[in-house]
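Open the model in your viewer and keep the sequence panel beside it. Each stop below says what to select and what is there.

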Amino acid sequence: MNLVENTYKKIATIEQILQFFHDDMTLMVGGFGGVGSPPTLLQALFDSGVKDLHLISNDTGFPDIGIGRMVRNERIKSIVTSHIGSNPFAGKLMTEGKLKVEFSPQGTLAERIRAGGMGLGGVLVDVGLDSMTEDGKEKVFVKGKQFLVEEALKAEVSIIFAKKADPFGNLVFDKSARNMNPHMAMAGDITIVEAEEIVPLGSLNPEEIVTPGVFVDYIISSEGVNWKWAWE
């Protein structure tokens with residue numbers, strides 16, 4: 001990283017980004033099951049001691065993987081997610097009334113986050129009609145067909161993970177580790193990316209760039225995964 005010029009002053013240290021973490025904040029975290037989640041940023045979040053977070057994430061990780069430690073230690077107040085099954089603490093806390101969970105089907109969740117990043121008010125879906133998921137949601141008819149109105153999602157801060165970043169914040173992702181990271185990069189008021197590798201300007205193939213740097217505010221260099229994967 002020392003060989004890369006910090007032309008746009010986006011390359012930062014953990015100490016510099018800690019100012020954006022605070023109690024009762026709305027936070028988006030990329031990845032699923034820890035794959036595509038930012039381990040160094042999650043460690044910093046955990047060490048900061050912040051609590052009562054309103055989380056938007058594809059899942060709740062495993063107890064010691066991804067966002068899972070924050071959930072297990074009761075630092076999350078509410079979550080919008082598609083899946084909590086791999087973290088038994090999430091289900092336990094939900095049942096005890098200590099964690100408010102809003103389930104959103106994975107595709108719907110992705111669209112809600114994308115809509116937030118695009119400045120839209122929400123999306124229309126027919127998934128969940130005539131089920132418990134429609135409770136409290138507005139319904140509309142378009143050309144005679146009924147839809148649920150799913151509100152767009154935004155966050156004060158999005159923390160995401162990328163394989164490569166250049167100093168402007170253009171990002172390249174690694175296969176399925178892309179997950180919802182590109183959508184979340186767009187939907188955060190402040191977007192902080194943890195990159196495996198920070199490369200000089202002009203070294204990324206434009207055809208490989210998924211997230212343009214205009215959506216990225218800060219970049220930190222990853223210290224690597226600090227957990228043991230569930231399959232190991």
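**Before you start**

This is a predicted model, where local features need pLDDT of at least 70, side-chain atom pairs count only at pLDDT 80 or more, and totals for chains, interfaces and linings use all residues. Residues are numbered from 1 along each chain as its sequence is written, and side-chain values use heavy atoms, with hydrogens and water left out.

**Stop 1: strand β8**

Select residues 155-165, which form strand β8. Helices (H or I, at least four residues) and strands (E, at least two) are DSSP runs, numbered from the N terminus. Buried means under 20% relative accessible area, exposed means over 50%, and partly exposed lies in between (1.4 Å probe, protein chains only).

**Stop 2: the partners of β8**

Which strands pair with β8? Two strands pair if DSSP finds at least two bridges between them.

- β1 and β8 pair in the parallel sense, over three bridges. Leu27 stands opposite Val157 of β8 here.
- β10 runs parallel to β8, and nine bridges join the two. Find Lys164: its bridge partner in β10 is Glu197.
- β9 runs antiparallel to β8, with two bridges between them. Lys164 stands opposite Val172 in β9.

Now show the hairpin of β8 and β9. Five residues lie between its strands, and Gly169 takes a positive phi near 105 degrees.

While the strands are on screen, recall one rule. In a regular strand the side chains alternate between the two faces of the sheet.

**Stop 3: Leu27 and the cores**

Stay on Leu27 and show its surroundings. Leaving aside neighbours within four places in sequence, Leu27 is in contact with Leu45, Leu53, His54, Leu55, Ile56, Ala155, Val157 and Ile159. Contact means heavy atoms within 4.5 Å.

Next, colour Ile17, Leu27, Leu45 and Ile159. These have the most contacts inside the largest nonpolar core, which has 33 residues. At least two residues of this core come from each of α1 (14-17), β1, α2 (39-48), β2 (53-57), α3 (68-72), β3 (76-81), α4 (88-95) and β8. The largest share, five residues, comes from α2. A second, separate core has 24 residues, including Ile11, Leu153, Ile160 and Ala195. A nonpolar core is a set of buried Ala, Val, Leu, Ile, Met, Phe, Trp, Tyr and Cys residues joined through side-chain atoms within 4.5 Å.

**Stop 4: Glu194**

Select Glu194, in strand β10. Glu194 is buried yet has no salt bridge. The nearest side chain of opposite charge is Arg69, 11 Å away. For charge, Lys and Arg count as positive and Asp and Glu as negative, while His and the chain ends are not counted.

What joins the side chains of Glu194 and Thr40? A polar contact of 2.9 Å. A polar contact is a pair of N or O atoms within 3.5 Å; within protein, one must be able to donate a hydrogen and the other to accept it, and residues adjacent in sequence count only if both atoms are side-chain atoms.

Beyond four places in sequence, Glu194 also touches other residues, among them Pro38, Pro39, Ile160, Phe161 and Ile220.

**Stop 5: salt bridges**

How many salt bridges does a search of the whole structure find? It finds 12. A salt bridge is a side-chain nitrogen of Lys or Arg within 4 Å of a carboxyl oxygen of Asp or Glu.

Select Arg112 and Glu102. Their side chains meet in a salt bridge at 2.9 Å, N to O. Arg112 lies in helix α5 (residues 106-118) and Glu102 in strand β4 (residues 100-103), so the pair ties together parts that are 10 residues apart in sequence. Arg112 is buried at 4% relative accessible area, and Glu102 is partly exposed at 31%.

Move to Lys139 and Glu134, which form a salt bridge at 3.0 Å, N to O. Lys139 is partly exposed at 37% relative accessible area; Glu134 is buried at 16%.

End at Lys98 and Glu96, a salt bridge of 3.5 Å, N to O. Lys98 is partly exposed at 47% relative accessibility, and Glu96 is partly exposed at 40%.
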